[in-house]
Amino acid sequence: MTAKERERLSRAQRLVVKIGSNALCHPSGELDQEVLSSLAEEISQLAETKKRTILVTSGAVKIGLHKLGQSRAKDLPTRQAAAAVGQSELLSSYHRAFSAHGMPVAQILLTQAELSDFKRYLHLSNALDALISRHNAVPILNENDPVSAAGVEIGENDRLAALVASKINADLLVLLSDVDGLYTSDPNKDPDARFIPVVEIVNQEIYALAAETSSF
């Protein structure tokens with residue numbers, strides 16, 4: 001990372017942070033409380049320097065499947081049921097982690113409808129702004145999996161985080177994952193995969209590197 005890039009990062013005041021299921025949960029599907037506590041501590045430290053964070057979280061489906069004794073969601077109803085079970089535990093855990101730092105959390109579940117309809121998005125944007133600017137709260141965003149289906153689904157939380165970051169004019173989007181960055185192919189499957197440290201322009205070649213997620 002160049003000095004100029006570090007300076008740009010240090011100036012960022014409004015952040016969107018997305019954490020993936022594999023980074024947040026043990027392989028069994030159980031929530032990793034140590035990771036969660038560390039995340040809350042770092043976000044609270046950012047808040048002390050007037051940097052505000054919106055958190056986009058995965059994990060509800062994976063946690064829910066673990067609670068239901070399932071290894072994978074074989075169909076949409078199972079995925080929706082797992083999300084409903086896991087979401088409550090996920091938010092409760094976030095509440096405990098951030099309460100230790102005196103920060104309230106706010107759950108916001110979204111579908112494509114909230115992001116594509118101007119009036120609904122405007123209400124969402126105003127709510128997010130009030131939470132982070134006036135109340136030092138941490139909005140916890142996730143796709144509303146229990147009701148998402150064809151036509152209103154967002155698809156994955158990386159996409160949700162990017163959409164939210166663009167619509168609120170975030171200074172920085174951070175994706176926390178068990179993969180350390182963008183590769184030319186899946187490093188878990190291809191030993192010749194090359195790490196791409198910086199993407200200057202998002203073009204068709206970069207788009208072509210995207211693949212289906214293997215997490216929840």
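Helix 4 (residues 60-68) packs against helix 5 (residues 76-99) at an angle of about 100°, and their axes are 6 Å apart. Helix 4 is therefore roughly perpendicular to helix 5. The model described here is a predicted one.

**Contact of helix 4 with helix 5**

- On the side of helix 4, the contact is made by A60, V61, I63, G64, L65, K67 and L68.
- Helix 5 contributes T78, R79, A81, A82, A83, V85, G86, Q87, E89 and L90 to the contact.
- By residue type, the contact of helix 4 with helix 5 divides into ten nonpolar, four polar and three charged residues.

**Nonpolar cores**

- The largest nonpolar core comprises 21 residues. Those with the most contacts inside this core are L24, L31, L55, L90, Y94, F98 and V138.
- Two or more residues each come to this core from strand 1 (14-19), helix 3 (33-48), helix 4, helix 5 and strand 4 (138-143).
- Helix 3 gives the most to this core, with five residues.
- Y94 is in contact with I19, L24, L36, L39, L55, T57, V105 and I140, when its neighbours within four places in sequence are left aside.
- Another core, of 20 residues, lies apart from the largest one. I54, I108, L110 and I132 are among its residues.

**S21**

- S21 belongs to helix 2, which spans residues 21-24.
- S21 has a relative accessible area of 1% and is therefore buried, the cut-off for buried being under 20%.
- The side chain of S21 reaches the backbone nitrogen of G59 at 3.1 Å.

**D171**

- D171 is located in the loop between helix 8 (157-167) and strand 5 (172-176).
- The relative accessibility of D171 is 47%, so this residue counts as partly exposed; a residue would have to be over 50% to count as exposed.
- D171 and R11 are 160 residues apart along the chain, and their C-alpha atoms are separated by 8.3 Å.
- Residues up to four places away in sequence not being counted, D171 touches A12, Q13 and R14.
- With Q13, the side chain of D171 reaches the backbone nitrogen at 2.9 Å.

Definitions and conventions
Residues are numbered from 1 along each chain as its sequence is written. This is a predicted model: local features need pLDDT of at least 70, side-chain atom pairs count only at pLDDT 80 or more; totals for chains, interfaces and linings use all residues. Side-chain values use heavy atoms; hydrogens and water are left out. Helices (H or I, at least four residues) and strands (E, at least two) are DSSP runs, numbered from the N terminus. Buried means under 20% relative accessible area, exposed over 50%, partly exposed in between (1.4 Å probe, protein chains only). A polar contact is a pair of N or O atoms within 3.5 Å; within protein, one must be able to donate a hydrogen and the other to accept it, and residues adjacent in sequence count only if both atoms are side-chain atoms. Axes are lines fitted to C-alpha atoms, for helices over the stretch in contact, and angles run from 0 to 180 degrees between N-to-C directions. Angles under 35 degrees count as roughly parallel, over 145 as roughly antiparallel, 65 to 115 as roughly perpendicular and the rest as oblique. Contact means heavy atoms within 4.5 Å. Ala, Val, Leu, Ile, Met, Phe, Trp, Tyr, Cys and Pro count as nonpolar, Asp, Glu, Lys and Arg as charged, and the others, Gly among them, as polar. A nonpolar core is a set of buried Ala, Val, Leu, Ile, Met, Phe, Trp, Tyr and Cys residues joined through side-chain atoms within 4.5 Å.
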